[in-house]
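User: I've got this model open and want to talk through a few spots in it. Can you take my questions one by one?

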Amino acid sequence: MQARKKYVLLGLCACCWLVLFYCGGGAQLRVLRLLTRQRGEVMRPWPNWTDRAFLPRYAHLDELQTDPGTIESPRQRRQAWSTIYKDSRCRMETCFDFSRCRRRGREGFRVYIYPTEKNDHVSESYRKILTSIGESRYFTTDPREACLFVLGIDTLDRDQLSGQFVPNLDERIKGYPLWNDGRNHLIFNLYSGTWPNYTEDLGFNIGQAILAKASLNTEHFRPGFDVSIPLFSKEHPQKGGERGWLVRNATPPRRKYLLMFKGKRYLTGIGSDTRNALHHIHNGKDIVSLTTCRHGKDWEKHKDARCDHDNLEYERFDYQELLHNSTFCLVPRGRRLGSFRFLESLQAACIPVLLSNGWELPFSDVIQWNQAVIEGDERLLLQVPSTVRAVGNERVLALRQRTQMLWEAYFSSVDKIVLTTLEIIKDRVFSHISRNKYMWNSLPGGLLVLPEYSTHLAHFPFYYLGLGVSPGQEFTAVINAVSPLVSQSQPIMKLLQVVSKSKYCSQIIILWNSEKPPPSRSKWPPMPVPLTVTDGRRKTTSRFQPHVAIETEAVLSLDEDTVLLTSEVNFAFLVWRSFPERIVGYPPRSHFWDPLKRAWGYTSKWTNDYSIVLTGAAFYHRYYHYLFTHYLPQSLRTLVDRTSNCEDILMNFLVSAVTHLPPIKVAQRKQYKELPSPQGTKTVPWANPEHFNQRQECINTFANWFGYMPLVHSQFRLDPVLFKDQVSVFRKKYKDLERA
């Protein structure tokens, strides 16, 4: 009996203990963990709204019109993915052959494109991608030199219902001798899967190939291996592209509408949940959220009670007007995770509010997207308005400015999208000289920062201001000599004396481009600074080669017949030190649009307006020598060498493309004139009528390669203090500028 009571008592204690355990906080946590584990979700703390706009559930279950048959569990998705991509664990270290790229050192990153077969139909978008690769400095026609291989078969649209779908890809690519299970191959894709699920299925096994894909899911993204690219339309420009819509430091930072969306509403299938609920936040005033059912052939079959009202409201607003006048733009997922509205919002400086769960954002390896977009949860909506209202004006302006930087640096053309993809892969291959996040996320962007030049931020002129760094206090003069030395009275002799007297001059380099051999050192006058004579190899572009002898950051580029005073040189150098990312100099020129010829024109008239400063007398940073030689295509440099003309215009194009700013003109004596050539020398090139015509043609050729006109007009000129003022000349620092 006593034993029975003892067991009863122990049982009651155990029950009490279980009740206390399961009714306490620990039980709630355990139950919650159990439930989330069953759903395949991972517990994580509630995030800060400034990082992600997570919001409460916005729709009732009866409003969601998702087809029951389209719902997949996480396990089913993982199983489907593993059957499609057998090498889902690929990383650069395991699925990439680095030896193919490093056998030629830094020049080893070459890309080969398989020839397109006669019967293959290539879409316009894929043709643009192949063209961008073919015109890049990485392209090779020799597969033995290649580090990376790109298929000639169009892989962009892998929707089996699409007319662009290419069947039997597995059989075709396995027939390539170099396929090697996809190793060192790059596959581009914009659309995958088909109705109703739109899965990640590409319809062929990519093996160990790198996937550059739009709408990539974070579950399937292979970090450090794949590259997420944006979804772009077939109308997306090949080169250049339109500039962003934001005027610098535009005020007020907010626009007429706080938040907007205008697009399709899917009545059934994947993606319908999100867009079906957008009407909840529409107020027709500062929040405009419009959807239409009127799309597709059989939309009326699935028409619901809201369609007629939504379609009428949809027609009341113009999409372009909304883009121009909205502060935030909703970017919900479509059938797939990506959307055309993402790039449209970036260009319009309308801050994207993303509602696309699991989307691996484009170029996420290198771009810090939290500085340009607000990421939300597509299941949650009602607090989005209050969240974006809480963003302060300073933050709004910063976000909008970052959208413009990213748009212009990486997304405004197919060319930039493709080159960014290649540069990301190149940084992985040569990780010891790769760009850092600051380079990718600061002007002018990673495409214009060549890590082969340096990986140190302080070595690039456009980072000086942000780093609080000042350029060096000395310059190197590079004089382009094309005439043989026949007399000690030639202009180059006087120029040497003038430049060497500058207290800022560190050295002088004479780039000898004459047909006759350079004279001995004894023929040159004695000078207080080192003098070096270098063979220019009779190439016009040799003046902009990254000569090892140039040790200073500042370069003073001079023609042999330039007439200057030492005080003019000193003043221009001090001005350059305040604007080290720009060209600073004297002779100005300008470009203009000729509507009759529908072409760009070039003028040498002296007016208050200019867009070019000739490099016959100009300061700039030595990095532009490296960029001129290694960034610009060989075709443009060959054109300059063949005509012995236009190299100064091309350098201005390059610097303005980097800075988006005009050069700077400094004060110059009115008496300055181009002197006639001395006896025994060649006629000056500008005396030849063909010289001017060539420059007209050059400016259009350069604009065509850049895809837009990078030159910027300016009326800004810097003069010394008291320049031309009616005061005693002895009170002025640069006296010689007014005496001459």
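User: Is threonine 403 buried or exposed?

Analyst: This is a predicted model, where local features need pLDDT of at least 70, side-chain atom pairs count only at pLDDT 80 or more, and totals for chains, interfaces and linings use all residues. Residues are numbered from 1 along each chain as its sequence is written, and side-chain values use heavy atoms, with hydrogens and water left out. Buried means under 20% relative accessible area, exposed over 50%, partly exposed in between (1.4 Å probe, protein chains only). Threonine 403 has a relative accessible area of 0%, so the call is buried.

User: Which residues does threonine 403 touch, leaving out those up to four places away in sequence?

Analyst: Contact here means heavy atoms within 4.5 Å. Threonine 403 sits in helix H13, residues 393-411; helices (H or I, at least four residues) and strands (E, at least two) are DSSP runs, numbered from the N terminus. Its C-alpha is 8.8 Å from that of proline 352, 51 residues apart along the chain. The touching residues are Leu346, Ala349, Pro352 and Ala372.

User: What is the bridge partner of tryptophan 593 in S20?

Analyst: Strands S19 (residues 588-594) and S20 run antiparallel and are joined by 5 bridges; two strands pair if DSSP finds at least two bridges between them. The open sheet has the order S20-S19-S21. For tryptophan 593, the partner in S20 is tryptophan 600.
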